[in-house]
Amino acid sequence: MALAYQGLSEMFQLPKNRILIGEVYYHKFHRFLVANDTYSHISDRGQFYAFELREPFETESNTSPIRFKYVYFLDEALASRASYAATMYFGTPMLLELDMDKAAPPPEDNDNATESGAVALPVVNDGSVLQSAVRSAIAERCSRFLDNPSKRLAEPDTYKNWWHQDAPDRQVEPPPYTLYASRSGTFVRDTAMLMDPDEVGAVLPSEYSYIWVSLNSLNKRLFYDDAAAKTEEIHPSASDSLEAEKCVSLDDCLKLYTDTETLGKKDAWHCPNCKRFQCATKKIDLWSLPPVLVCHLKRFSYERHYRSKIDTKVDYPVENLDLRQWIIQPDYGQSTKYNLLAVAHHFGGLGAGHYTATAFHKPSNAWYYYDDCNVHKCVTRDELVAKSAYVLVYIRSDLSSSSKIPDTQ
């Protein structure tokens, strides 16, 4: 990693000891890389973030950073299910840096934030910080993607009810999230400490290194802007390697599915004529089509010793999916057009996951999102054509009415 630190130092005109590179896995910091780390154990699908630090940090020795608070975003509904531990987190983690030389209390306007996402917090004593300083820092950094008026304007009645749900006379909008702190990097509600905003002067002890920004399903829908959360300045040298952020079409998937494939030596075919194993070719074609078409997207890959989730977004049509070009039967007489009927979504990885669904409700001529007992009407196309799509269910267009939804953003 020495070259990475050197390159970042030259690019941003910063000393190497004021840069810290973190590897993010499942929306949490997996580890922090120092200059003498090698590239041999880095996955091709790893996500890496470089933070500008306010104070120098020794990156030459393999020492874990101890002067930071790690901020993770938590889905409150999934956090209540222990079996879905790997799926309860979302978004990009943040790093809060303790300013060991600056005494509390911090200024109200929180001028300690750096553009890179590292925020300096004044220390009370022995590494402890005021909870109010943590709340101010998180509020400042989250304002860009937790304050999307267009999402709330799409559901004005829901937003009004949310505003007054527990305080009819409320005049100031409350934060759309709850803050917890813990000693462990895995969230466990029973051991986490609630950071109550009403406790003036409350201190966060030094051993509580992990901060959890918890949103329930309603707040996440009304406030969280996933696109804004991912708005980052991408250097041109990295543009070709950001596979996870690319988008492919369903036609691209069908083309790959029907392409001719040459089998490798490990999958060699035993020829009945020469009695030898041959690297034969195989091809899949479509002869006819069913009334209900189920498309199962390949979401998992196996590479050497790694197994990983494929998060590439697939753009699929809601109406008029035409498969005519893929049918090889001459004079095929059935309709080849389909309308989307339902989508199964998958969150998580191979070890644990959570499934939700989006389905068209014919009596109301509307789309709904189903997450266990939580159901809400879809108001944007992004809720239906989502990165989390795993299984697509289509019905032949001559058997169904229109399943179109408003193309609002």
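Select histidine 354 and aspartate 371: their side chains are joined by a polar contact of 2.8 Å (a pair of N or O atoms within 3.5 Å, where one must be able to donate a hydrogen and the other to accept it; residues adjacent in sequence count only if both atoms are side-chain atoms). The model is predicted, so local features need pLDDT of at least 70 and side-chain atom pairs pLDDT 80 or more, while totals for chains, interfaces and linings use all residues. Residues are numbered from 1 along each chain as its sequence is written, and side-chain values use heavy atoms, without hydrogens and water.

Stay on histidine 354. It belongs to strand E23, residues 353–361 (strands are DSSP runs of at least two residues, helices of at least four, numbered from the N terminus). Is histidine 354 buried or exposed? Histidine 354 is buried, with a relative accessible area of 2% (buried means under 20%, exposed over 50%, with a 1.4 Å probe and protein chains only).

Next, select strand E1, residues 19–25, and strand E2. Five bridges join these antiparallel strands (two strands pair if DSSP finds at least two bridges between them). Within this pair, valine 24 stands opposite phenylalanine 29 of E2.

The three strands form an open sheet in the order E2-E1-E3, with antiparallel pairing. Which strands stand at the edges? They are E2 (28–33) and E3 (47–52); each has a single partner strand, so one side of each is left without a neighbour in the sheet.
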